[in-house]
Amino acid sequence: MADAAVIDVVDAGIRFKRNRRARRSFKDLFSSRRRRSRPDEFWALRHVDFSVERGEAIGVVGRNGQGKSTLLKLVAGVVISDEGKVNVHDGVAPLIEITGGFVDDLTVRDNVYLTAGLHGMSRRQIDDRFDEIIEFAEIGEFLDTPYKHLSSGMKVRIAFSVIARLEEPIILVDEVLAVGDKGFREKCYRRIEELLAGGRTLFFVSHNEKDLRRFCKRGLYLDKGELVLDGPIDEILTRYNADYGS
Amino acid sequence: MHVRSHTIGPVTSYAEVRPTQRTPFARYRHSLWLLTKRDLRVRYSTNALGYFWSILDPLLMAAIYYFVFVFIFHRGSVGEQPYIVFLLSALLPWMWFNGTISDCTRAYMREAKLIRSTTIPRTIWVNRIVLSKGIEFVAALPVLAIFAIVFGARVNIDAIYFPLAIVLQAILSVGVGMIVAPLVVFFRDLERAVKLILRMLFYASPIIYGIEAVPESVRHLTIFNPLTGILSLYRAAFFPGELDWKAVIVAAISSVILLAIGMWVFARTQRAVLKEI
C-alpha cells in the first residue's frame, strides 16, 4: 500500500459556460454529459492526466485563469468532471473557501464545532482539539463573540486553524494564505510543513515561487486548460518563467 | 511518527488518521444533525421570542380564518366542530410543507459558500430543511393538544395514523424539494412561481375546509392532490369522518413517484448545479 496512488486523474476535463446568461433550456440541463461541446462553452481543463502518491507535495503553476483552482476543486470533489475520471482514495482537507461553513449569528465556539463537524470530525475529536484550534487562531478572548463581530483577519485565522486540524491525509491549499498578517502566514506555513512531515499529501496552488519551492518537490504546469508539464518543481518553474518571464 | 511543536498541537501520523474515519452513512447523519441544529439555533438565538414565533404564525392564521368563517359568515358547514381544532390539525402540517418548499427554492443559493467547500452528499441541503421544519412542526403540536383540550375535541383511535402522515409528508416534501432546489438555480423565476403555486395549493387543499365541503362534481379531482390524503390522515385523529383511504393511497403512490422523480432530477442536475453556484 505504501506506493499506492492516492489521487488518480485520468483524462479529466470540465467545461463552463462562457456567458452565464446564455440561454438555457430544460433539454440542456438533462442532456448527457457526453454530448458535444457547444459554441458558448469552453473547456477550463481538458485531457488532464496524472497521479499522486501518498506523501507527495505538489505545486500547481500557471497564469491566472488557466485552470489551477478548477483542478483543485476537482480533486476536492466540489465540482465534477464532464470527461474522464478523478479518483481520490483518501479524505481531503480543502483549504478552499475556508470560511464557507461559518455562520454570522453563531458564536466562535459554535462555529468551530459546526465547521469541524461538517468536515467529518466527531464531537469527541473536536473536544480534544478545541483548545489547540483556539490557541492557534489566537482568539481566546472571543470564544463567545458572534462570528460576524470578528475582524476579517480573525475570521480567516479561525477558519484556517479549524481546517488545518482536520485529520485528513490529503491537504489542498488554494491561495487562501495570501490573507492574514505576516506572522500568522508564517505560522500557517510551519503548520503545513508539520503536516507534510506527518506524511500528508499536499496539493498547493500559488503564484509565489518561494513558497512553491519551500513545500513542493513536484510541479504541475497548467496552460490554457491543459497539463503542459509534470515534473520536478524547479524544472516546472524554469519552464514557466521561460514562457511568461517573471 | 510524531512531530511536535510548541505553537501548535501534535500532528497525528498517517496510521493514526485512519481509525477516526467513519462510514459515509454515519457522516451523513452527523452532518444532517449538525445543520439542523444550526438552523434551529440560529432561529432561536437571534430572536427574543424564539419558539413563540414558530407557533405564532399558524396561530394568527388560525385566528383569522376562525374569525372569518365563524363570526363573519356564521358557517358551520366548512368543517367539523370544534372548527379551531379542525383548522389547526391541517394548518400546522401545511406550515411544515409550505415552509419546507419555499425554503428549498433557496437551498443551494443560501449555502453556496458551504457547498463549494464540502463534499457531503448534496441531498443534505434539501433533507436538512425538511428535517428542521419537521422538528418545528412537532414542537408546535402541543399547541394543537392544548386547543383540543380547551375546546373539547376528542382524540380517537385513528390518532395512530399520525406518524404515517408524518412519514408520507416527509417523503412528499423531500421529493418536491429535490425537484425545486436544483431547478431554481437555473431558472430564478421559478422561485416566484413556486410561491404562487404554494398559495394556490393552500386554497386547493382541504385545510380551511373539509373534503366533504367540496362539490361532488370536482371532488374526484382533489384526490390527485397528495396533500388531500395526508391531511385527512392528520385530521382523523380528532375527526374520524375525515379519513379518506382512497385519497391516502393516492397520496402514498404520488409521494413515492415524486420522490423518484426528485432523486432523478437531483442526480441529473448536480454536475451543472455545482458549476453554477
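Predicted model: local features only at pLDDT ≥ 70, side-chain atom pairs only at ≥ 80, totals over all residues.
Local features need pLDDT of at least 70, side-chain atom pairs count only at pLDDT 80 or more, and totals for chains, interfaces and linings use all residues. Residues are numbered from 1 along each chain as its sequence is written, with chains lettered from A and ligands numbered from 1 in the order in which they are written.

**Exercise 1.** Work out how helix H4 (residues 83-104) of chain B packs on helix H7 (residues 124-150) of chain B.

*Solution.* Start with the axes, which are lines fitted to C-alpha atoms over the stretch in contact, with angles running from 0 to 180 degrees between N-to-C directions. For H4(B) and H7(B) the angle is about 165 degrees, and the axes are 9 Å apart. That makes the two helices roughly antiparallel, a label for angles over 145 degrees.

**Exercise 2.** Trace how strand E8 (residues 218-223) of chain A pairs with strand E3 (residues 57-61) of chain A and with strand E9 (residues 226-232) of chain A.

*Solution.* Strands are DSSP runs of E, at least two residues, numbered from the N terminus, and two of them pair if DSSP finds at least two bridges between them. Take E3(A) to begin with: 4 bridges join E3(A) to E8(A), and they run parallel. Here A:Val60 sits opposite A:Leu220 of E8(A). Now move on to E9(A), which pairs with E8(A) in the antiparallel sense over 6 bridges. A:Asp223 has A:Glu226 of E9(A) as its bridge partner. Finally, look at the turn: E8(A) and E9(A) form a hairpin with 2 residues between them, and A:Lys224 there has a positive phi of about 50 degrees.

Key:
Parallel < 35°, antiparallel > 145°, perpendicular 65-115°, else oblique.
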